Amino acid sequence: MFLFLFLSLGGVQSAIKTAGTTLAVNPTLAFIEISLCFGFGLASAIFFSYRISGGALNPAVNFGLLVAGVMDPITFVAYTIAQCIGATIACAAVAVIFTNNDFKGANQLFPGVSVAQGFFLELILTFGLVITVLFLAVEKSKITFWAPMQIGIYVFIAHLLAIPYTNTSINPARSLGASIIAGIWDNHWIFWVAPLCGGALAGVVYRFYKFVDYESLNAGQDADHNV
């Protein structure tokens, strides 16, 4: 968790520094840089930790796996606590090393964004993230080795979509750590409730597909021969 957020939120500070006075006029390049740092930072961290914890770096993903029946409650609690601690330490390190304690990157609703917009944006994007994890990483197939990179690509796209609206959470631990260091708590509940709801919905959808034996709909998709 520390490595992921150090790379990602360090990228936020770097993007802001290099953008300088042009940030307010044309933030597009900074948004792309930030999105790349989050996407590829996450992919790198998952590749690193996959054999240790399965690449668990997000309480909303934990909750989705719990609802899906592929993570037990004790592991869910232990991972979530560890992720929140790691996220807070990472944000503190970024604040000291990159910003001289002028930390940027806390999640918030930007002007003109309603609570409903922020909530459903975070819910839908987290649903997509967790369903990607379930069908690429949890379900084993010939493309499972690609899961960390594809998850990172999804997070890259999610950040491109949501940075101008909520600064993109889809990860309650990331939001908690950033809010603790930045001291910004406005509408913080959204960045817990919406991702957890999105994760739970993904877990329910996954259970449904398993219940209807989805594998039989496209039998032999991973075969080396025609079936």
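1. Of the 227 residues in the protein chain, 46% count as buried. Keep in mind that this is a predicted model.

2. Start with the overall fold. The protein chain has eight helices and zero strands. Read from the N terminus, the order of elements is α-α-α-α-α-α-α-α.

3. Next, the dimensions. Along the principal axes, the C-alpha atoms of the protein chain fill a box of roughly 60 × 35 × 35 Å. The radius of gyration is 18 Å. A compact globule with 227 residues would have a value near 17 Å, so the two agree.

4. Look at how the chain meets itself.

5. Now the largest pocket. It holds about 430 Å³ of space. Its lining has 29 residues, and the closest to its centre are Gly54, Gly55, Ala56, Val61 and Val133. Helix 2 gives the most, with five residues. By class, the lining of the largest pocket has 19 nonpolar, eight polar and two charged residues.

6. Turn to the second largest pocket. About 350 Å³ of space lies in it. It is lined by 20 residues. Val12, Ile16, Lys104, Phe110 and Asn167 lie nearest its centre. Helix 1 (2-19), helix 2, helix 6 and helix 7 (172-182) each give two or more residues to this lining. The largest share, four residues, comes from helix 2. The lining divides into 14 nonpolar, four polar and two charged residues.

7. Check the cysteines. How many disulfides are there? The count comes to zero. A disulfide needs two cysteine sulfur atoms within 2.5 Å. For Cys84, the nearest cysteine sulfur is that of Cys91, 11 Å away. For Cys197, the closest cysteine sulfur is in Cys84, at 17 Å, so the distance is too far for a bond.

8. Is Cys84 buried or exposed? Cys84 counts as buried, because its relative accessibility is 13% and the cut-off is under 20%. Cys197 has a relative accessible area of 34%, so it is partly exposed.

Notes: Residues are numbered from 1 along each chain as its sequence is written. This is a predicted model: local features need pLDDT of at least 70, side-chain atom pairs count only at pLDDT 80 or more; totals for chains, interfaces and linings use all residues. Side-chain values use heavy atoms; hydrogens and water are left out. On a 1 Å grid over the protein atoms alone, a cavity is a set of points where a 1.4 Å probe fits but cannot get out, and a pocket is an open set with protein on both sides within 12 Å along at least five of seven lines; lining residues have an atom within 4 Å of a point. Grid points are joined across faces, edges and corners, and a volume is the space filled by probe spheres set on the points. Ala, Val, Leu, Ile, Met, Phe, Trp, Tyr, Cys and Pro count as nonpolar, Asp, Glu, Lys and Arg as charged, and the others, Gly among them, as polar. Buried means under 20% relative accessible area, exposed over 50%, partly exposed in between (1.4 Å probe, protein chains only). The radius of gyration is taken over C-alpha atoms; the globule rule is 2.2 Å times the number of residues to the power 0.38.
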